[in-house]
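Welcome! Below is a short tour of one protein model, taken a few residues and a pair of helices at a time.

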Amino acid sequence: MQKLSNSIQLAHCLLKDRLVEANIIVDATAGNGNDTLFLAQNAKSKAKLYAFDIQEQAILNTKKLLIENKNNINLPLENIKFIHDSHENINNYIQAKIDVAIFNLGYLPGGDHEFTTKNDTTLKTIDKILNVLNINGYIAIVMYPGHEEGLKEYQAIKLFVKDLPKKAFTVGWYKMINHNLNAPALCWIEKVGEYA
């Protein structure tokens, strides 16, 4: 049975069914590769998966994890593109419509905490993906309000998504209310209609 004790587990649970049909999948923040691995394990074999990270160490960690688990994933490794660049430049790498995207914001676990995602580039990337997201496509965004930049992202994303048109998007916001106030939170976006 799938656990739902944190925001990442819930994000994975919500994405799992959609991945069965997804053709273009994006991990906007590869980090240590755990989300990329989950996506590759649950995607159909003909899907294409793009894993972005601005830190070279994150890309190396993600590649290593995927290679170590190549026998436990549905995707052939050649269908996974590891992109050492900011997710803000997503349009330079993907010209097709996107079906599923995940953001796991903050800093690289075990890495330098000076390098963290920033609310301005994160918002730009979310907006770019919303514009090319297929109908019935999903975006999951895991946020960490427990550190200064993470709190800025959390607040900026909340302001941005609350005004998305309901004819085009359904937006959910998940935060555990019996945990620390700084516990990770999840924003969930489903595209339900055309977005101009």
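Phe169 is buried in this predicted model, with a relative accessible area of 3%. That value counts as buried because the cut-off is under 20% relative accessible area. The place of Phe169 is in strand E6, which covers residues 169–174.

What is Phe169 in contact with, leaving aside its neighbours within four places in sequence? The contacts of Phe169 are Leu130, Leu164, Ile189, Glu190, Lys191, Val192 and Tyr195.

Now for the aromatic rings. A pair of aromatic rings is described by the distance of the centres and the angle of the planes.

| Pair | Centre to centre | Angle between the planes | Arrangement |
|---|---|---|---|
| Phe52 and Tyr93 | 5.7 Å | 75 degrees | edge-to-face |
| Tyr138 and Trp188 | 4.7 Å | 50 degrees | tilted |

The pair of Phe52 and Tyr93 links distant parts of the chain, 41 residues apart. Phe52 sits in strand E2 (residues 48–53), while Tyr93 belongs to the loop between strand E3 (80–84) and strand E4 (98–104).

Tyr138 is buried, at a relative accessible area of 17%, and Trp188 counts as buried at 13% relative accessibility.

Let us finish with two helices. Helix H1 (residues 7–19) and helix H2 (residues 34–42) have axes that come within 10 Å and cross at roughly 25 degrees. H1 and H2 are therefore roughly parallel to each other, since angles under 35 degrees count that way. Their crossing is right-handed.

Which residues make the contact between H1 and H2? From H1 come Ile8, His12, Leu15, Lys16 and Leu19, and from H2 come Asp35, Phe38, Leu39 and Asn42. The residues of this contact divide into 5 nonpolar, 2 polar and 2 charged.

Notes. Residues numbered from 1 in each chain as written. Predicted model: local features only at pLDDT ≥ 70, side-chain atom pairs only at ≥ 80, totals over all residues. Heavy atoms only, no water. Phe/Tyr/Trp six-rings, centres within 6.5 Å; stacked < 30°, edge-to-face > 60°. Helix = DSSP H or I, 4+ residues; strand = E, 2+ residues; numbered from the N terminus. Buried < 20%, exposed > 50% of the residue type's maximum accessible area, 1.4 Å probe, protein only. Axes fitted to C-alpha atoms, helices over the stretch in contact; angles between N-to-C directions. Parallel < 35°, antiparallel > 145°, perpendicular 65-115°, else oblique. Left-handed = near helix turned anticlockwise from the far one by under 90°. Contact = heavy atoms within 4.5 Å. Nonpolar A, V, L, I, M, F, W, Y, C, P; charged D, E, K, R; others polar.
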